[in-house]
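User: I would like to learn how to read the cores, pockets and backbone features of a model such as this one. Could you take me through them in turn?

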Amino acid sequence: MTAPPHTARQQAPMADVYRAAMAHVPSCVSVVTTHTPAGPVGVTVSALLSLSLSPPALVVSLTSSGQTLPWIRRSGAFGVNVLGWEQRHLVEQFATGPPQQRFDGVPHTFHLGQPLIVSAPVRIVCTLEATREEWDHTLLTGRVAWCSHHPESAGLLLHGRGRHPVPHHAAG
């Protein structure tokens with residue numbers, strides 16, 4: 001017996017249920033960035049995965065129709081800025097509007113040619129090693145070329161459609 005083909009009508013309710021369910025899976029919030037001839041661009045992402053330690057590598061997922069992805073492909077590199085509680089206002093700023101305006105008022109610097117948010121607790125620069133199209137998203141595999149972190153910063157999590165601080169805990 002074969003299963004009936006899925007239709008768009010069947011998928012829409014499942015997408016809503018899935019979105020609601022995934023809102024209860026805590027995730028870090030990052031801004032993935034790159035450079036263009038007109039200046040830096042970036043986009044908010046919540047799908048970031050440490051892939052390997054040898055070599056250091058990670059995977060991020062971007063909407064395939066997004067405006068930042070073509071610039072990352074052209075540049076061959078990207079920055080990852082894991083946001084902290086103090087940067088929670090940047091979640092929305094980097095999620096909407098023209099990518100070239102998302103850096104307005106955001107202190108940033110360049111490292112290895114990639115724009116990085118100065119106050120982000122974790123900053124990583126990657127060379128683009130591979131892309132893989134999966135449905136409406138593109139997975140970017142990046143080899144870490146440089147990274148820094150500030151362990152004293154409170155982290156930021158998305159959970160239940162809200163933003164929540166992750167308090168700093170002293171090692172011990």
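Analyst: What follows goes from the nonpolar cores to the pockets, and then to a hairpin and some backbone details. This is a predicted model, in which local features need pLDDT of at least 70 and side-chain atom pairs count only at pLDDT 80 or more, while totals for chains, interfaces and linings use all residues. Residues are numbered from 1 along each chain as its sequence is written, and side-chain values use heavy atoms, with hydrogens and water left out.

User: Which residues have the most contacts inside the largest nonpolar core?

Analyst: In soluble globular proteins, nonpolar side chains tend to be buried together. A nonpolar core is here a set of buried Ala, Val, Leu, Ile, Met, Phe, Trp, Tyr and Cys residues joined through side-chain atoms within 4.5 Å, where buried means under 20% relative accessible area, exposed over 50%, and partly exposed in between (1.4 Å probe, protein chains only). The largest such core has 14 residues, and those with the most contacts inside it are Val32, Leu58, Val60, Leu62, Phe78, Val80 and Leu140. Two or more residues each come from strands S3 (39-45), S5 (56-63), S6 (77-82) and S9 (122-134) and from helix H2 (69-75); helices (H or I, at least four residues) and strands (E, at least two) are DSSP runs numbered from the N terminus. A second, separate core of 11 residues includes Leu83, Val91, Phe94 and Leu156.

User: What does Leu62 touch, leaving out residues up to four places away in sequence?

Analyst: With contact taken as heavy atoms within 4.5 Å, Leu62 touches Val43, Val45, Leu69, Ile72, Asp136, His137, Thr138 and Leu140.

User: How is a pocket found, and what volume does the largest pocket have?

Analyst: Rolling a probe the size of a water molecule over the atoms shows where empty space is left. On a 1 Å grid over the protein atoms alone, a pocket is an open set of points where a 1.4 Å probe fits, with protein on both sides within 12 Å along at least five of seven lines, and lining residues have an atom within 4 Å of a point. Grid points are joined across faces, edges and corners, and a volume is the space filled by probe spheres set on the points. The largest pocket has a volume of about 1300 Å³; of the 27 residues that line it, Tyr18, Arg19, Met22, Ser46 and His137 are the closest to its centre. Helix H1 gives the most to this lining, with 6 residues.

User: Where does the second largest pocket get its lining?

Analyst: The second largest pocket has a volume of about 340 Å³, and of its 15 lining residues the closest to the centre are Val43, Thr44, Leu62, Thr63 and His137. The elements that give two or more residues to this lining are S3 and S5.

User: How many bridges join S11 and S12?

Analyst: Two strands pair if DSSP finds at least two bridges between them. Here 5 bridges join S11 (residues 155-159) to S12 (residues 162-166), and the strands run antiparallel. They form a hairpin with 2 residues between them, and Gly160 in the turn has a positive phi of about 60°. The bridge partner of His159 is Gly162 in S12.

User: Which residue other than glycine has a positive phi near 55°?

Analyst: Trp135 has that value and is found in the loop between S9 and strand S10 (137-149); because its relative accessibility is 81%, Trp135 counts as exposed. Leu112, with a positive phi near 50°, lies in the loop between strands S7 (108-111) and S8 (114-117), and at 56% relative accessibility Leu112 counts as exposed. A cis peptide bond, with omega about 0°, joins Ser54 and Pro55.
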